[in-house]
Amino acid sequence: MKIRLWVTLILFVWVLPLQAQPASYKSEMIEKWKNAGTYTLDVAKLMPDSSYSFKPVAEEMSFTEQLLHSASNMLWLSSTYLTKQTSPFDYKSLPQRTSQPKAAIIPVLEQSLHYAQTAIEQLPDAELDQKVTFFAGPKTKRQIINLMQDHLTHHRAQLIVYLRLKGITPPKYIGW
C-alpha cells in the first residue's frame, strides 16, 4: 500500500507540471496567424472581382492594392528577418500587379500567408529575443512577428470597411 501511495505521489509531482505548462508564444502566435489568415482570405473572397479596383477616396489604396500591400509586407518581414527560405514572390514586384483579376490575387495572398506562417513555425524559440536591425530601431524577432500580425490586422480592417461601403456583410470574426 505504501509503495502504491509513493508511486502515485511521484507520478503526480512529475506529470502535473508537464500538463500545466503554458502554451509557448510561438504556438499561440501560429494559432492566431492561421485564424487571421483564414479571416483575411474570407474578406478577400467576399469582394466581387468587379470591385477589386474600388477605393473609397482617391487617396486610399484600392481593394487589390490593400491585399498586395499586405502580402508584400508579410513577405518582406518574413524573408528579411525570420527565415532564409526563398520567398514565393519578389515582394517589391507585388504592388505592380494591381491590374490582375481576383483569381490571380487570392493565390498570392494565400502563398504569402503560408510563407509567413512557415517562417514563424520554423523560427527557433531561442531566436525570438534576438535583435535585428530595423529601420525603426533594433527590434527582436518576436517584435517583427507582432508587427506582421498588427499590420495584417490594420489592413484587413480597412478591407472590411470597403466591403461595408459596397453593401457586403463581412465574414464573422475568427481572429483568436
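The model is predicted, so local features need pLDDT of at least 70 and side-chain atom pairs count only at pLDDT 80 or more, while totals for chains, interfaces and linings use all residues. Residues are numbered from 1 along each chain as its sequence is written, and side-chain values use heavy atoms, with hydrogens and water left out. Helices (H or I, at least four residues) and strands (E, at least two) are DSSP runs, numbered from the N terminus.

**Helices α2 and α4**
- Helix α2 (residues 25-46) packs on helix α4 (residues 102-122) at an angle of about 175°, and the axes are 10 Å apart. Axes are lines fitted to C-alpha atoms, for helices over the stretch in contact, and angles run from 0 to 180 degrees between N-to-C directions.
- That angle makes α2 roughly antiparallel to α4 (angles over 145 degrees count as such).
- The contact (heavy atoms within 4.5 Å) includes Met-29, Ile-30, Trp-33 and Leu-41 of α2, and Ile-106, Leu-109, Leu-113 and Ile-120 of α4.
- By class, eleven nonpolar, four polar and six charged residues make up the contact of α2 with α4. Ala, Val, Leu, Ile, Met, Phe, Trp, Tyr, Cys and Pro count as nonpolar, Asp, Glu, Lys and Arg as charged, and the others, Gly among them, as polar.

**Helices α3 and α5**
- Helix α3 (residues 63-82) and helix α5 (residues 141-165) pack at about 175°, with axes 10 Å apart, and are therefore roughly antiparallel to each other.
- Among the residues in this contact are Phe-63, Leu-67, Met-74 and Tyr-81 of α3, and Ile-144, Met-148, Leu-152 and Tyr-162 of α5.
- The contact of α3 with α5 has 14 nonpolar, eight polar and one charged residue.

- The 22 residues of α2 should span 32 Å at 1.5 Å a residue, and the end C-alpha atoms are 31 Å apart, which agrees. The expected span is 1.5 Å times one less than the number of residues.

**Aromatic pairs**
- The whole structure holds nine aromatic pairs (ring centres of Phe, Tyr and Trp, its six-membered ring, within 6.5 Å).
- Tyr-81 and Phe-134 pair edge-to-face, 5.4 Å centre to centre and with 65° between the planes (over 60 degrees counts as edge-to-face).
- Tyr-81 lies in helix α3 and Phe-134 in the loop between β1 (131-132) and β2 (139-140), so the pair ties together parts 53 residues apart in sequence.
- Tyr-81 is buried at 12% relative accessible area, and Phe-134 is buried at 8%.
- Tyr-52, Phe-54, Phe-63 and Tyr-162 are linked into a cluster by ring pairs.

Methods:
Parallel < 35°, antiparallel > 145°, perpendicular 65-115°, else oblique. Phe/Tyr/Trp six-rings, centres within 6.5 Å; stacked < 30°, edge-to-face > 60°. Buried < 20%, exposed > 50% of the residue type's maximum accessible area, 1.4 Å probe, protein only.
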